[in-house]
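Hello,

Here is the structure for you to look over. My notes follow below it.

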Amino acid sequence: MTPSKNPIVAVIDLFRSPIECFAAIYERPKWAILPYLMIILGSFVLWGSYFNHVDMPWLQQTIQAQLGNIGGNTQQAWLTREVLLAGEVFSDITGRTAVIFVLALWLKLATKSSHHQHSYGKWLAAACFIMLPSFIGDIASYINVVFNTNSILPNAADLNSVNGLLKLPLNNRWAALATTMPLLAPWYIALTYAAVSAWTDLDRAKAIIVAVLPWLLTLIVWPLLIISA
């Protein structure tokens, strides 16, 4: 095993040979700034393209129809291209950043039984690389938006989420779950398993549990919150 030689090679190795990528990140956690910037850039690329191509009168009418009547002043205030774009980008950036920090905290706590202990900062670096496939999802979503001749709502345009496939309307009670549940969760789980295996001495079964459990809890807890609402 040869650790990645630089940040760009580390990004490539994440998809080609994750173990080599995480071996390099262990020594150079500051390299994580590159995948984080890519994750943020992907959001700007996707939503900038979406709101440049979408039929705004159709979007405004559809949102009004699905969410109920909206006053004229309110529509002018927030059903504009600029406000909707800012809202989607802000939601993506804050959501992805929160996931990275929470995932790093989970990995720090869940690997306490390992004889090899690492700082929260190193797990934070690992989490940035683990979440990098979202950039691939953004590029796929961008291509879908550019070449799709049909009008689609923002919550169905992002192929990173399950709703990118289901395309549930905004007023569907399960739309929130489908929109926030990542379609690429299996990929994130596989990369988390690779990081845990590379950095700890946990056996295979425990490493799999550490990788799967946070996403499994999301699938269980989030629907229960929606049902009880």
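Cys128 is buried, at 8% relative accessible area. This is a predicted model, so please read everything below as computed from it.

Start with the cysteines. The structure has zero disulfides. Cys21 is in none; its nearest cysteine sulfur belongs to Cys128 and is 11 Å away. Cys128 is likewise in no disulfide, with the sulfur of Cys21 as its nearest at 11 Å. A pair would have to be within 2.5 Å to count. Cys21 is buried because its relative accessibility is 0%, and the cut-off is under 20%.

Next, helix 2. It spans residues 18-27. Its buried residues are Glu20, Cys21, Phe22, Ala23, Ala24 and Ile25. What do they pack against? Three helices: helix 1 (7-16), helix 7 (120-130) and helix 12 (185-199).

Ile25 deserves a look. Leaving out residues up to four places away in sequence, Ile25 touches Ala10, Trp31, Ala125, Ala126, Phe129 and Trp199.

Now the cores. The largest nonpolar core has 39 residues. Which members touch the most others? Phe22, Ile25, Phe129, Ile130 and Met131 do. Two or more residues each come from helix 1, helix 2, helix 3 (33-53), helix 6 (81-110), helix 7, helix 12 and helix 13 (204-228). Helix 7 gives the most to this core, eight residues. Another core lies apart from the largest one. That other core has 15 residues, including Leu46, Tyr50, Leu79 and Val145.

Last, the pair formed by helix 3 and helix 6. They pack at an angle of about 155°, and their axes are 10 Å apart. Helix 3 is therefore roughly antiparallel to helix 6, since the cut-off for that is over 145 degrees. The crossing of helix 3 past helix 6 is right-handed.

The contacts between the two are as follows:

- From helix 3: Tyr36, Ile39, Ile40, Ser43, Phe44, Trp47, Gly48, Phe51 and Asn52.
- From helix 6: Arg81, Leu84, Leu85, Glu88, Val89, Asp92, Ile93, Arg96, Thr97 and Ile100.

For viewing, Ile25 is a handy place to begin: Ile25 is a buried residue of helix 2 and is among the members that touch the most others in the largest core.

Best wishes

How values were computed. Residues numbered from 1 in each chain as written. Predicted model: local features only at pLDDT ≥ 70, side-chain atom pairs only at ≥ 80, totals over all residues. Heavy atoms only, no water. Buried < 20%, exposed > 50% of the residue type's maximum accessible area, 1.4 Å probe, protein only. Helix = DSSP H or I, 4+ residues; strand = E, 2+ residues; numbered from the N terminus. Contact = heavy atoms within 4.5 Å. Core = buried A, V, L, I, M, F, W, Y, C linked by side-chain atoms within 4.5 Å. Axes fitted to C-alpha atoms, helices over the stretch in contact; angles between N-to-C directions. Parallel < 35°, antiparallel > 145°, perpendicular 65-115°, else oblique. Left-handed = near helix turned anticlockwise from the far one by under 90°.
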